[in-house]
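Dear colleague,

Please find the structure below, together with its sequence.

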Amino acid sequence: MSPRCVRVERDGELALVVAHNPPVNTITADVRAGLREALQEIQSAGDIRAVVLMCEGSTFFSGADIGEFSGPPREVEYRTLFNGFEALELPVIAAMHGTVMGGGLEIALACHYRIASPTTRFALPEVTLGIIPGAGGSQRLPRLIGAERALDFILSARPVSAQQAMELGFLDQTIDGDLKSSAVAYARRLLAEGKGPRRTGDMSVDPATATEQIFEKSAEQARKLYPNRNAGLVAVEAVRKASQSSLSEGLEFETALVNERKTSIESRGAIHVFFAERESRRVPGLGNEVLAAAVKSAAVIGAGTMGGGIAICFANAGIPVTMLDADEAALERGLANIDRVYQSMVERGRLTVADKSQRQALMRTTLDYAELRDADVIVEAVFESMDLKREVFRKLEAVARRGAILATNTSTLDIEAIANATSRPEDVIGMHFFSPANVMPLLEVVRTSRTSPVAIRTVMELAKPLRKTPVLANVCYGFIGNRMMEGYAREAQRMVLEGASPRQVDGALEDWGMAMGILAVFDMAGIDVGVNVHKANASKYPPDPAYYQADSALHDAGRLGQKNGKGYYRYEAGKRARIDDPEAIEILRRKSGELQIPARVHTVEEIQERCIFPLLNEGFRVLGEGIVLRAADIDVVWTSGYGFPRYRGGPMFHAEVIGLETLLNGMRRYRDVFGSMHWELAPLLVELVERGMTIAEWERQKLAKGA
Ligand code: NAI
């Protein structure tokens, strides 16, 4: 008897192997056991002439069980199972729908024929997890479509449509209408035409697609797409092997490579982040009896940059949203901006015209607070002013229904103080979105000392339909992400005053793996934004006359970044390409003279260390002070909101990769040169090094003490 997640149905001379493992038909151990039993059943039945493999639910097999990656290797099990289907003496047809990724596509490649509904998407995303396709994909795909195309597909890691899959050559046909009956008809047609098994393993890679030149070109592509990483290059080696060996030899080679890959930092880091993102929503301490309140309607106060983006998130989730601003003109500007965002999605083929109007129909505008009386969640995103925000919250209190969530998107203001402006602080919470709010996946959820468990649960759960990755924080200045950015950016700014060029600093950070150098980030966000924050919060920063003075000097010279075409770099109208600008460098040089900052020659390593060490050090402070629930949450914040490379696993994971002692010694080394004002050691880092403990051990100990 097969476990319930796989069953064999008979339709005359056909056997239909149907898997059902919601939500996405992951190839778990149970599924594999079910498939093995199905295979035996087929082998022992004497009257089956063809086999159709398909799945019920939202998709065909979406991939392997990533949860098993850290356990014992399973490649041999996968290989034996997939080989079993390939070896059958009757035609085996994979009938697919949904999103067919990784192991899901690999089992289809081991089938003899592949058909799919027209909306199916296919991908082998393994290299982005630091590994290579390890269940035959690196060996079978090149046999079907040639080495060059296979490598292109594996290296790009991006999904292709059914149409593209047919053009690439690994899909035989798209099927309109009901997949099951069409698959049955397809199988009967094959039989009628006298078609038998067509094993991928019996084919060989077209030599014209597997020349030395092609492999060299692919290796170049891998180096370019995946700097600091090896998985892409290893994939090239695997595909090369496919062109030189039998399938069984190639599969052995693939297994060896993938097992070596799994122990690599790039793979462990990426998989750590993958799981950390799933874990971040969980709030230990909130009992199961605390249920999320339903969110059927929302409101946003302030239809500016953030408010507009946040309104889009609600509308995309199908939640009606009312926007309120101070005057009609602001509302109109807000709506026009939203229209531009949707229009560009339509133009890029990301949204249909019908969906655009459906989403915009969910948006209403008003100047009257009374119209917010039914909203279940209200997000405030007005100018960053405490007086203004307190006034808004007082007005909200007067109209909002009891129990409505009153959220603020503030970046720098004390949410406790905002909450105290109302008589219902238990409903007040921070929902810190990142710009552009409709694009960036991170949501810092900030609870005050009085936020109710229900409000926390509701917002953490609301993140799901809003398509955000929520991370819970306690109130502190800068919360998690911006607080850790302070020292990272401080050093970048200091170094350009010491004589490094903006390109040198940004280049070193980007070479290290940051999505964008921090000075270019300032240009993009607006230099005035940071300057205003530092002015408004001067008392919170160290008394250092050189603190964030590069920003300040550029700002004084009227350089606001991309928005007026000049900041750390120069920009041509409407373009984002950074152009080195001697004028900016001269401004920085003058400022440096004024502040009497000694010039210094910076190695790439120094730039990277001086930015990254303070970032990691502050992470230990955030963790030690209990601002976050767990270290991995910090990794989520920085990988999903700040362009920290996933393959380095986030700041806390990375700290352990380089070694906590190395980090501590590095901090001390720079403290000896630059003084203790900015290079103060995080107590938790010192403690862990002294006690020889890992972060995980410390977390376990803390949990045990708390229990
Ligand atoms: P913005 O200036 O683009 O928009 C502010 C909006 O608030 C404007 O439409 C303005 O008309 C409206 N407003 C002002 N006074 C109002 C009142 N009394 N009643 C109703 N509406 C009023 O500002 P932005 O950038 O959208 O920032 C909004 C909030 O989001 C701030 O608290 C900011 O710190 C925070 N934030 C900003 C981020 C960014 O990257 N821009 C990122 C994360 C948070």
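Which helices and strands each supply at least two residues of the shell around the ligand? They are α12 (305–316), α15 (386–399) and β17 (428–433). Helices (H or I, at least four residues) and strands (E, at least two) are DSSP runs, numbered from the N terminus.

Two remarks on the source are needed. This is a predicted model, in which local features need pLDDT of at least 70 and side-chain atom pairs count only at pLDDT 80 or more, while totals for chains, interfaces and linings use all residues. Residues are numbered from 1 along each chain as its sequence is written, and side-chain values use heavy atoms, with hydrogens and water left out.

The ligand

The ligand is surrounded by 21 residues, of which M306, D325, E384, K389 and N409 are the closest. A residue is near a molecule if one of its heavy atoms lies within 4 Å of it. By type, the shell holds ten nonpolar, eight polar and three charged residues. Here Ala, Val, Leu, Ile, Met, Phe, Trp, Tyr, Cys and Pro count as nonpolar, Asp, Glu, Lys and Arg as charged, and the others, Gly among them, as polar.

In T305, a polar backbone atom is 2.9 Å from a ligand oxygen. Taken alone, the ligand exposes 830 Å², and the protein buries 77% of that; accessible areas come from the Shrake-Rupley method with a 1.4 Å probe.

Strands of a sheet pair through backbone hydrogen bonds, either parallel or antiparallel. Two strands are said to pair if DSSP finds at least two bridges between them.

I301 stands opposite E380 in β15. Contact means heavy atoms within 4.5 Å; axes are lines fitted to C-alpha atoms, for helices over the stretch in contact, and angles run from 0 to 180 degrees between N-to-C directions.

The sheet of six strands

Another open sheet, also of mixed pairing, has the order β1-β2-β4-β6-β8-β11. β1 (6–11) and β11 (173–174) are at the edges with a single partner strand each, so one side of each lacks a neighbour in the sheet. Six bridges join β1 to the antiparallel β2 (14–19), where V17 stands opposite V8. Helix α1 (29–44) lies across β1, β2 and β4 (50–55), at about 30° to β1.

Backbone details

Most residues other than glycine have a negative phi, and most peptide bonds are trans. N25, which is not a glycine, has a positive phi of about 50°. A cis peptide bond joins P22 and P23, with omega about 5°. S435 and P436 are also joined by a cis peptide bond, with omega about -10°, and P436 lies in the loop between β17 and β18 (442–447).

Yours sincerely

Terms used
Polar contact = N/O pair within 3.5 Å; in protein donor to acceptor, adjacent residues only side chain to side chain.
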